[in-house]
Number of protein chains: 2
Amino acid sequence: MANWAIGVDLGGTKIEIASVERSGEMLNRIRMPTDVDGGPTAIEKQIQEGIEELCKKNNGDPVGVGVGIAAQIESEQGVILNAPNLHWKDVPFQENLKTLTKLPVTITNDVRAAAWGEWLHGSGQGAKEMICMFVGTGIGGGIVCNGQMLGGCSNTAGEVGHMPIRHPGLPCSCGSSGCLESIAGGWAIGKRAQNAIRSDRSAGMQMLKLADGQLDHISAKTVSQAYELKDPLAKYLIQETAEALIDGCTALVNAFNPCRFILGGGVIEGLPIFVDLIEEGVKKKALPAATSKLSFSKAATGNDAGVLGAAALAMNNQ
Amino acid sequence: MANWAIGVDLGGTKIEIASVERSGEMLNRIRMPTDVDGGPTAIEKQIQEGIEELCKKNNGDPVGVGVGIAAQIESEQGVILNAPNLHWKDVPFQENLKTLTKLPVTITNDVRAAAWGEWLHGSGQGAKEMICMFVGTGIGGGIVCNGQMLGGCSNTAGEVGHMPIRHPGLPCSCGSSGCLESIAGGWAIGKRAQNAIRSDRSAGMQMLKLADGQLDHISAKTVSQAYELKDPLAKYLIQETAEALIDGCTALVNAFNPCRFILGGGVIEGLPIFVDLIEEGVKKKALPAATSKLSFSKAATGNDAGVLGAAALAMNNQ
């Protein structure tokens, strides 16, 4: 049997396909823009062609194909119930790809695939209990319990961005309010900065300058850049973000008692000091017994976590 | 091999010992006041004698002994690291009981034992993913992931009372602030009622009457009684409690995606309408996909959960 698998990271703007050895070593990779307008048929064809190209390069067939996708997925049959970025609903994607590629195919949520990547090949290696939180535009994660990735009852485990931590709190993307994501998600950091500057323009001069004077171009990235320049408003916003992340991580640490807590995603990559701030805060706020064996790390596989994890999943399911 | 085990619920005021069949049927039970002043030696002797009595009644030896105790426990050797109710620190309790009884002994946290009881013989039967939250004086719980009770990295998993849900929030028993328990734990409900009445005595007339005019005798139970009598302040306090519980349960539902959510403990038993209030609130606040297969129930084994669960644990470990 082959000792490599195909990992696919299917996003709203690009598709990444890689051939990955069992050890996590990447053999080859292909990147292409996602043909969102072409719908499932076009995208399935893009992926099929990418897989064929990698099979040719590797001179053979992989053990299977794993796909990570930002979607809510029915896990038994691999049906995409809802993928907002792709405008898909109820697409039997796993079945379709199986028919096209004649290979075993496994579909999972993109964030859970990335958590798999971190667990098997990144900062989570060897952890029997792990929480991986990705703080990007949104916030999501993956949870390993008793040495197994947690799927949950309806395959949605790991939605750690929607833990209520503020009351009544700000409106969240999920329709609720006060969620962790409503303060610490990338979209929320940008929005909070814009609102702060709208009510006190003088405090936002540095950020406005960084955004070429365009208030609505101010994003989480702008806030991170201004923080590095010691801008007071940016410092305030980052502290508020860190406090929210400390509360969310503390909730998870007390409830789950993980050994390893991994932080990744654009907001963390943009300002890695978050890892230290969160570790310090959680170790102060959580129950001492719950943190006695806990270590924090930044995600190690970076942008590769998605394809690595999807390939690992394919390997695991054989 | 015998088809029954001994379950022990060791509390700060009483010890309960029961012989329990694999099916969960209780054969015999003994209750005695805990000899706290006698220290570990006296209590170990109390338990030994109770076990001998049950063995005589059942005409033979059990497969093993399980003990649930309100303590932080080192799981490998069953050492009690800290049991505040008993004033114990670093007691090799599992080893001591093994030597005395010449039976296999397993020690676990009392709340986790009760969660085991609910999982195997109560409202959690058959659930692959379950959260059991006990709202008593304090708040704790047990979590079943992938069909296994979660111990966690340092055996403290299930401390769901110490999820931060309010900011900055009220001081909590754990030394932090804003925890779920700091609003919804029995001690906190009583304290919030007392504080409210202290600042507006007229609003508290009904509760004061129920507590024979003694402000400092007002407890969670008083608030529940006044709520049943449609007292407006009690109604407000119960709503605030329910909101906090909804936030805490929503956090767990979104992060873990359980199939079954079980609520028990004195506060819930005292006002069972909490189960409906929480179910309604969580189903509104959590992600729809995370609640699609979720059901809520009141704990079914009541005060028996502790001994049933401890016996089940002994059975499970053979």
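Copies are superposed by least squares on the C-alpha atoms of residues with pLDDT of at least 70 in both. The model is predicted. On this basis, chain B can be laid on chain A with an RMSD of 0.1 Å.

The interface between the chains was examined next. It brings 38 residues of chain B into contact with 38 residues of chain A. On the chain B side, two elements give two or more residues each: helix H8 (232-256) and helix H11 (288-291). H8(B) gives the most, with 7 residues. By class, this side of chain B has 19 nonpolar residues, 13 polar residues and 6 charged residues.

Within chain A, the domain assignment gives two segments for domain 1, 4-117 and 304-316. Domain 2 covers 125-300. The centres of the two domains of chain A, taken over C-alpha atoms, are separated by 27 Å. Contacts link 10 residues of domain 1 of chain A to 12 residues of domain 2 of chain A. On the domain 1 side, strand S5 (72-74) and helix H3 (110-121) of chain A are the elements that give two or more residues. H3(A) gives the most to this side, with 5 residues. The domain 1 side divides into 6 nonpolar, 2 polar and 2 charged residues.

Chain B also holds an open sheet of 5 strands. The strand order is S11-S10-S9-S12-S13, and the pairing is mixed. Strands S11 (148-149) and S13 (295-298) of chain B stand at the edges. Each has a single partner strand, so one side of each is left without a neighbour in the sheet. Strands of a sheet pair through backbone hydrogen bonds, either parallel or antiparallel. S11(B) and strand S10 (residues 139-145) of chain B pair in the antiparallel sense, over 2 bridges. In this pair, Cys145(B) stands opposite Gln148(B) of S11(B). Helix H3 (residues 110-121) of chain B packs on the sheet. H3(B) touches strand S9 (130-135), S10, S11 and strand S12 (260-264) of chain B. The direction of H3(B) makes about 50 degrees with that of S10(B).

Conventions: Residues are numbered from 1 along each chain as its sequence is written. Chains are lettered from A and ligands numbered from 1 in the order in which they are written. This is a predicted model: local features need pLDDT of at least 70, side-chain atom pairs count only at pLDDT 80 or more; totals for chains, interfaces and linings use all residues. Two residues are in contact if their C-beta atoms, placed from the backbone, lie within 7 Å. Helices (H or I, at least four residues) and strands (E, at least two) are DSSP runs, numbered from the N terminus. Ala, Val, Leu, Ile, Met, Phe, Trp, Tyr, Cys and Pro count as nonpolar, Asp, Glu, Lys and Arg as charged, and the others, Gly among them, as polar. Domain bounds come from an automatic or database domain assignment. Two strands pair if DSSP finds at least two bridges between them. Axes are lines fitted to C-alpha atoms, for helices over the stretch in contact, and angles run from 0 to 180 degrees between N-to-C directions.
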